[in-house]
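Subject: Structure for your review

Dear colleague,

My notes on it follow directly after.

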Amino acid sequence: MPSKSIALITMSLRPARIGVNVAAFVQPILEKALAGSDIALVPVDVRDFNLPIYNENVVPAMVPAYAQFEHAHSRAWSAEIAKHDAYVLVIPEYNYGVSGGTKNAIDYLLNEWKGKPLSIVSYGSKGGSQASQQAKEILGGMGLRVAETRPQLAFADAQAEIAGILSEGKIAPASRAKWGAQTDEIAKVAEELKAMLQ
């Protein structure tokens, strides 16, 4: 059994969402790069935790040394994040920035992952570059060690693909082929996190 784990976290919350399929696209590439190591890749879906807009009376910096979370959803999300050694966040870009759901999930946390390595895989019509940069600044400011490589997966033709994206969360063949050319960059995420975990 591997002694360390990297959580591959789907951050999108929409009912019909492409985020879970983006994570599924990335997962085997990361797993191949981690093969032979003592590190497991563990899929995590933020939607499973049903997080409302942050509703705790305490601030996350107080937990666990000075206070505890009141709500079960907070405790479950906190415990899930705390048990992993590193993270890959798969994030969408909404309106040229980090989505509200992504930021809210981050706002529940601090000590669970402070000081640990993390990488960001973003996606969107232009690859989610601004969401990736914002997430880097937020998470780096919180004390996480953000990896240099942050793949940005742009849709091949967002206008033509939007119906399938919104209704089915479908990755169009043209986008899948385009992202296939970024396999080495995605694999580099695993290599960097491996090195950071040594």
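The largest nonpolar core has 30 residues, of which Ile6, Leu8, Val26, Leu30, Val88 and Leu153 touch the most other members. A nonpolar core is a set of buried Ala, Val, Leu, Ile, Met, Phe, Trp, Tyr and Cys residues joined through side-chain atoms within 4.5 Å; buried means under 20% relative accessible area, exposed over 50%, and partly exposed in between, with a 1.4 Å probe and protein chains only. Two or more residues of this core come from each of β1 (4-10), α1 (19-34), β2, β3, β5 and α7 (183-197), and α1 gives the most, with eight residues. Helices (H or I, at least four residues) and strands (E, at least two) are DSSP runs, numbered from the N terminus. A second, separate core of 26 residues includes Val44, Leu89, Val98 and Leu110.

This is a predicted model, in which local features need pLDDT of at least 70 and side-chain atom pairs count only at pLDDT 80 or more, while totals for chains, interfaces and linings use all residues. Residues are numbered from 1 along each chain as its sequence is written, and side-chain values use heavy atoms, with hydrogens and water left out.

Leu8 may be taken as an example. Leaving aside neighbours within four places in sequence, Leu8 is in contact (heavy atoms within 4.5 Å) with residues including Ala23, Val26, Leu30, Val88 and Val90.

Next come the aromatic rings. Rings of Phe, Tyr and Trp (its six-membered ring) pair if their centres lie within 6.5 Å; planes under 30 degrees apart count as stacked, over 60 as edge-to-face and the rest as tilted. By this rule there are five aromatic pairs. The ring centres of Tyr54 and Tyr108 are 4.8 Å apart and the planes are at 70°, so this pair is edge-to-face. Tyr54 lies in the loop between β2 (39-45) and α2 (72-82), and Tyr108 in the loop between α3 (100-107) and β5 (117-124), so that the pair links distant parts of the chain, 54 residues apart. Is each of the two buried or exposed? Tyr54 is partly exposed, with a relative accessible area of 23%, whereas Tyr108 is buried, at 0% relative accessibility. Elsewhere, Phe25, Phe155 and Trp179 form one aromatic cluster.

Yours sincerely
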